[in-house]
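Some comments on this model follow, point by point. Please read them with the coordinates open.

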Amino acid sequence: MNTSIPNIILVHGAWADGSSWSKVIPLLARKGLTATAVQLPLTGFEADVAAVQRAIALEEGDVVLVGHSYAGAVIGEAGNDPKVARMVYIDAFAPDAGESAGTLFEKFETAPLNDEIRPDAQGYLKLTRDGIFKLFAQDLDDTEKALVYATQGPLHASALGGTLTEAAWRSRPTYYFIGNQDHAIPRVEQERMAARMNATVAHVDSSHVPMLSQPQAVADFIVSAAA
């Protein structure tokens, strides 16, 4: 299958790492797309944006930039690079200029996952076992849930306050993929963000991690954005 943009950069969210795209990457490869999964440090917004910027700099040609959850804020800033031709949000925050993931979060309807977030003494946030098993990844089997719980990447709380200087989605075609059973970012809030961006929208009956529970649907959506 010929596509106009063969380079896909995948950016994971909080409580995750690049392996969260492990099921999607082979499906993209079968369609002739080259995927790079960024490893965010999750130590602060600026550091996370810089990690994505480094990945973009290494690509030859245009890029489709994909962000999950918290990474929607990260790609909103990093995506201002001229190589970024299209933006894909997967159950993600979509702040505008002057907004952060945190300021959006404060306006959202209460999400059940909120009660399962725990800070440590250094300000890093982690999810409880119940948070992972019952609310974050409830549609995975128990073995996969245990793996998500064991490998979660704690996010420093300050990262949620990272403010966008310019929202890349305002000047690029944008796509938004909504998990209807998301208990981290309520569906209604995702729909509002997608409408504000005038994004091309698709829904799937999944948790907050459709790339793990519905990888084919996520891959197909990314392929459609690249085509």
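1. The model is a predicted one.

2. The buried residues of helix 2 are Phe45, Asp48, Val49, Ala51, Val52, Ala55 and Ile56. They share one side of helix 2 because the arc they cover around the axis is only 155 degrees. In an α-helix there are 3.6 residues a turn, so residues three or four places apart point the same way.

3. Helix 2 spans residues 45-58, 14 residues in total. From first C-alpha to last, helix 2 reaches 21 Å, close to the 20 Å expected at 1.5 Å a residue.

4. Asp182 sits in the loop between strand 8 (174-179) and helix 7 (187-197). Asp182 is buried but has no salt bridge, and Arg187, the nearest side chain of opposite charge, is 10 Å away. The Asp182 side chain does reach the backbone nitrogen of Ala184, at 2.7 Å. Leaving aside residues up to four places away in sequence, Asp182 touches Asp91, Arg187, Gln190, Ser206, Ser207 and His208.

5. Ala219 belongs to helix 9 (residues 215-226). Ala219 counts as buried because its relative accessible area is 1%, under the 20% cut-off. Beyond residues up to four places away in sequence, Ala219 touches Val24, Leu27 and Leu28. Asp48 is 171 residues from Ala219 in sequence and 24 Å from Ala219 in space, C-alpha to C-alpha.

Key:
Residues numbered from 1 in each chain as written. Predicted model: local features only at pLDDT ≥ 70, side-chain atom pairs only at ≥ 80, totals over all residues. Heavy atoms only, no water. Helix = DSSP H or I, 4+ residues; strand = E, 2+ residues; numbered from the N terminus. Buried < 20%, exposed > 50% of the residue type's maximum accessible area, 1.4 Å probe, protein only. Lys, Arg positive; Asp, Glu negative; His and termini not counted. Salt bridge = Lys/Arg side-chain N within 4 Å of Asp/Glu carboxyl O. Polar contact = N/O pair within 3.5 Å; in protein donor to acceptor, adjacent residues only side chain to side chain. Contact = heavy atoms within 4.5 Å. Expected span 1.5 Å × (residues − 1). Arc of directions from axis to C-beta.
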